[in-house]
Amino acid sequence: MLDPKFLRNDIEETAKKLASRGFVLDVELINQLEERRKTLQVETETLQSQRNTRSKEIGMAAKRGEDIAPLRAEMGKLGEDLDAAKEEFTALAEQIKQASYAVPNVPHESVPVGNDEDENVEISTWGTPKEFNFDVKDHVDLGEALGGLDFKSAVKISGSRFIVMQGQIAKLHRALAQYMLNLHTNHHGYTEMYVPLLVNADSLYGTTQLPKFGDDLFNTKPATEEGIGMSLIPSAEVPLTNMSRDMIYDESELPVRITAHTPCFRSEAGSYGRDTRGLIRQHQFDKVELVQIVHPEKSFEALEEITKHAEQVLKNLELPYRKVVLCTGDMGFSATKTYDLEVWVPAQKTYREISSCSNVGDFQARRLQARFRAAGAKKPELVHTLNGSGLAVGRTLVAVLENYQLEDGRIEIPAVLQHYMGGLTHIG
RNA sequence: GGUGGGGUGGCCGAGUGGCCGAAGGCGCUCCCCUGCUAAGGGAGUAACGGGUUUAUAGCCUGUUCGAGGGUUCGAAUCCCUCCUCCACCGCCA
């Protein structure tokens, strides 16, 4: 969530920034609620203060052995007034809280203004899409022909948007995840984590999946009711970032760099008909996630870095890709700035998202109460959090199958993966 | 699943209805003393929110002793529910 002060002291400016990402802030309403909140809170706290004072007096009178009964009687009215004020205040505070939960993060000034994905700006491209002198097949045809992708079984077992992989392709999928994890832990300074795949509602609030995006989650029970039910993670971002919940780091502990390879589960509500063919959009997919917890002054530096770490995977796999910066209108709810990496998908003759790297600023940290104490400082400050996919494993498999296909339907194995495949150079 | 015992400030640990936001210790900060990286003495040291303010300074004030609810003029202290940790037993991948 945003700093409440933005909504109190600088609401016009904040509204302007939010408008750039297509969010209409109801300035009128918020000002009105805030006005009421202020008077009501002062009123309530004054009554509270009176009650505290009077109660202490009663306590002292009792100690002196005086008769308390009349003093007590006086408290009746005060108590009623206080209860009434409290009740109204609590309701109002809840209303303001809910309203503020709905407000997305403010885009960084370097983010291009635009309405939707068509206005994202390409930063760079790497590699050249290979010229095939035969008709390319897509990964579905390739995978099925090789007996490695089994959509039929997946439908039987679970439904659409699931996959069964088999044999060398299952192994290649595993090799990709292993390779990524090794790269990030051995060369990029991340610590490997094994984390829960089911998380509680507090965690989902912490990373802002709740309360707005509950529909995207698979829940074991309603996750919005506190304390009951858990949800399957939509990304390892949730468990990894929630590691820092209620933490006060020593400045010297920053940055925290952690990574995990996990399955991710998404309901894909609202994407009916999109990418129905193949592995691009699944209810369950694997991802290697990168998370950094950093000093607030270093988060944009860290965004460049985390993106480079993700890019390195594509470079080492020799997969052509491009890097775009998302425009204000296409950014996720919690991001201040996001780079997407898009890998070349030959059968679609286009670049498709394979990684998304975001600087979330203090937006999650505020809900998480994730802080650090600067050396010598008395007050802790909010950290900044970042997350990036490094990479989505299922989509990487798609890219490898399609980019490395041969005319006879076999798949060449990228050089860096061959020893993960027992020295195998081809599948098929 | 059963029985028993816990969850208090950065950490350890007192506190069973009224100056307790919380003794004491450790750690940390500052000062003093001390002729040799030891020891001693003194002072300070929670977070979050609101109001006021140029102010993240001060002042006023509220909340917080695992979470939520209740009893009471008043709750860290009593009652209820939940979460969680530890020990032993049972079961088990």
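Trainee: How many residues has the largest nonpolar core, and which have the most contacts inside it?
Mentor: The largest nonpolar core has 49 residues, and Leu172, Leu176, Leu314 and Leu319 have the most contacts inside it. Such a core is a set of buried Ala, Val, Leu, Ile, Met, Phe, Trp, Tyr and Cys residues joined through side-chain atoms within 4.5 Å; buried means under 20% relative accessible area and exposed over 50%, with partly exposed in between (1.4 Å probe, protein chains only). This is a predicted model: local features need pLDDT of at least 70, side-chain atom pairs count only at pLDDT 80 or more, and totals for chains, interfaces and linings use all residues. Residues are numbered from 1 along each chain as its sequence is written, and side-chain values use heavy atoms, without hydrogens and water.

Trainee: Which helix gives the largest share of this core?
Mentor: Helix α7 (residues 167–187) does, with 9 residues. Helices are DSSP runs (H or I, at least four residues), numbered from the N terminus.

Trainee: What is leucine 172 in contact with, beyond four places in sequence?
Mentor: Leucine 172 is in contact with Leu397, Val400, Leu401, Leu417, Met421 and Ile427, where contact means heavy atoms within 4.5 Å.

Trainee: Turning to α2, which residues are buried?
Mentor: Ile11, Thr14, Ala15 and Leu18 are buried in α2 (residues 11–19). Seen down the helix axis, they fall within an arc of 100°, taken from the directions from the axis to the C-beta atoms, so they line one face.

Trainee: What covers them?
Mentor: The cover includes α1 (4–9) and α3 (27–63). The face turned away from the buried side carries exposed Glu12 and Lys16.

Definitions and conventions: Chains lettered and ligands numbered in written order. Helix = DSSP H or I, 4+ residues; strand = E, 2+ residues; numbered from the N terminus.
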